[in-house]
Amino acid sequence: MDNIAQDLIRRQEGLASERATLDQLWQEIAELMKPMRADFTFQRVPGDKRTQKVFDATASLAAENLAAGLWGMITNAANDWFTLRSELAEADEEQATKEWLDDVTRRMQGSFAGNGQRFYARVMELYADLVTFGTGIFYSEEDAVTGRVHYSCRHLAECFIAENERDEVDTVFRRFTFTARQAHKRWGEKCHASVLRALDKEPDRRFTFLHAVMPREEVSRGRYDAAGMGFASFYVDVENRLLLSEGGYHDFPYQVPRWSTASRGLYGDSPAMLALPDVKMLNAMSKTTIIAAQKAVDPPLLAVDEVAVRGLRTHPGGIIYGGLDESGRRRYEPLHSNGNVGLGLELEEQRREAVRQAFYFSLLMMVQQPNQTATEVLARQEEKLRLMGPHLGRIQAEFLDPLIRRQFGIMRRANLLPPPPKQLKSAGIRIEYVSPLARAQRAGEGAAIVRALESLAPLGAIKPEIYDNIDADAAARLLAQSFGVPNNLLRTPDAVKKFRKEAEKKAPAPADGMAGLGNLGAMLSGDAASGGAA
């Protein structure tokens, strides 16, 4: 076991040394844009001031705005943001299959919203790390007793990742601290003697631990213990180089989304990295403008010598004795530098706009322009949101897909899901996203249908048979789904057929109706003929 602990500590130290340059970059970004996370290169004392280098908060507010926008458009607690679908065609799905998928979707969404909305609180922290540092670390842990899932966003400073041959993150080392009390609560008497001694006299003394999760090299199929799980888990006491516990996970418990990997590195790139030069320039300009404005409002004084300014009262209402000479001329004059504060403010605003654009400010804040209808505003908003499609795809692939699959597996193992129908035993299940941002990506299909029908309208007025080329039912369903209409509001194809048959039975037969009209016409024509003869 000691050899395992040594190997794990050595590997974590190797991963840490490889990203030392990135830690410097993240520290600089955090100090300017996210001061509460500025703990990469050194540890701060709790309560320490962290905003000494910030003279303009534009970047911090823009990053927070983008993170909040992602929260609202991807995983909004007030809306359904995903649903489960089968791999079967909709016409082939049985009613029991559809009801089971809807039921499981509702249960999973309820699980995400449970435990005091903990997931939605923690995922906001993930988005903030993602747009600032380019990489976010999300951890979900199963409670074997209650079946609940505990979510947390891990600080990037304490996590180190590695990829497999498919460029997928499958290994995470987390180096963290626990107090003696927390360690004993977690591992009991397995703790080192130094931790147990501190438990009585110094229960809040901190010790360093390591949590390593990686794919298990040999999985024993059919076993239900840790040896049969796909991922191995190790907890190590770093200071005493002691292996505390060895376990496993059925699914990888960490989700590691990256904003972009344009630099081809292991960790992601972020909008903050692109905006960093402008942010540094903006802070320097703001500092200079503040000094210039201070000089203009409270300028320095010109005096003959140092002795002349002793006892000088420059506070409001103060009396300056000896401020005038025998001829009544001033002995002290303010020094006006004639600095153009307005020019400095104008240049600052240009940098602020560049920083906002780096954080997609114009995509999230859409103000209605004059002479624009609500439809035009929505169309323009959807067009802009499509520009975030590449980033949305990466978030779905590296965060939401593995998170939902893990949530499904946890709930299934805890018997929190109903038994699946027979049809799904041979068919797969896919995830469909219905968040506002996902709907904006699909809105093009609905707009294409509307434009096609509008273009056919003039021809249809001349020759109505052309509408036979369009499956109206399929167009209606696709149009409704592209605009985010809930699936429970749409009738199934079988229900539509049944509804139409019942409507035909209740309506009068077409032949009888025509016969009635014919008799009525004959009667009217007969009366007219009689009246004419008379």
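In which helix is Asp-278 found? Asp-278 sits in helix H7. Keep in mind that this is a predicted model.

**A helix pair**

Leaving aside residues up to four places away in sequence, Asp-278 touches Arg-351, Ala-354 and Val-355. With one of them, Arg-351, there is a polar contact between the two side chains, at 2.5 Å.

Now zoom out to the helices themselves. Two packed helices are described by the angle between their axes and the distance between the axes. Helix H7 covers residues 271-297 and helix H8 covers residues 341-358; their axes come within 9 Å and cross at roughly 160°. Angles over 145 degrees count as roughly antiparallel, so H7 is roughly antiparallel to H8. The crossing of H7 and H8 is left-handed.

Who makes the contact? On the H7 side, the residues include Pro-271, Ala-275, Asp-278, Leu-282, Met-285 and Thr-289. On the H8 side, Val-341, Leu-345, Glu-348, Arg-351, Arg-352 and Val-355 are among them. Sorted by class, the contact of H7 with H8 has 14 nonpolar, three polar and four charged residues.

Which residue in the loop between H8 and helix H9 (361-364) deserves a look? That would be Tyr-360. The phi of Tyr-360 is near 60°, a positive value in a residue other than glycine.

Asp-167 is another non-glycine residue with a positive phi, about 60°. Asp-167 belongs to the loop between strand E4 (159-163) and strand E5 (169-179). Is Asp-167 buried or exposed? Asp-167 counts as exposed, because its relative accessibility is 53%.

Gln-52 has its place in the loop between helix H2 (20-33) and helix H3 (58-74). Gln-52 and Leu-32 are 20 residues apart in sequence, and their C-alpha atoms are 9.1 Å apart in space.

**One more helix**

Helix H13 spans residues 472-482, and its buried residues include Ala-475, Arg-477, Ala-480 and Ser-482. At the start of H13, a side-chain oxygen of Asp-471 reaches toward the backbone nitrogen of Asp-473.

Here are the polar atom pairs side by side:

| From | To | Distance |
|---|---|---|
| Asp-278 side chain | Arg-351 side chain | 2.5 Å |
| Gln-52 side chain | Lys-49 backbone oxygen | 3.0 Å |
| Asp-471 side-chain oxygen | Asp-473 backbone nitrogen | within 3.3 Å |

Terms used
Residues numbered from 1 in each chain as written. Predicted model: local features only at pLDDT ≥ 70, side-chain atom pairs only at ≥ 80, totals over all residues. Heavy atoms only, no water. Buried < 20%, exposed > 50% of the residue type's maximum accessible area, 1.4 Å probe, protein only. Helix = DSSP H or I, 4+ residues; strand = E, 2+ residues; numbered from the N terminus. Polar contact = N/O pair within 3.5 Å; in protein donor to acceptor, adjacent residues only side chain to side chain. Axes fitted to C-alpha atoms, helices over the stretch in contact; angles between N-to-C directions. Parallel < 35°, antiparallel > 145°, perpendicular 65-115°, else oblique. Left-handed = near helix turned anticlockwise from the far one by under 90°. Contact = heavy atoms within 4.5 Å. Nonpolar A, V, L, I, M, F, W, Y, C, P; charged D, E, K, R; others polar.
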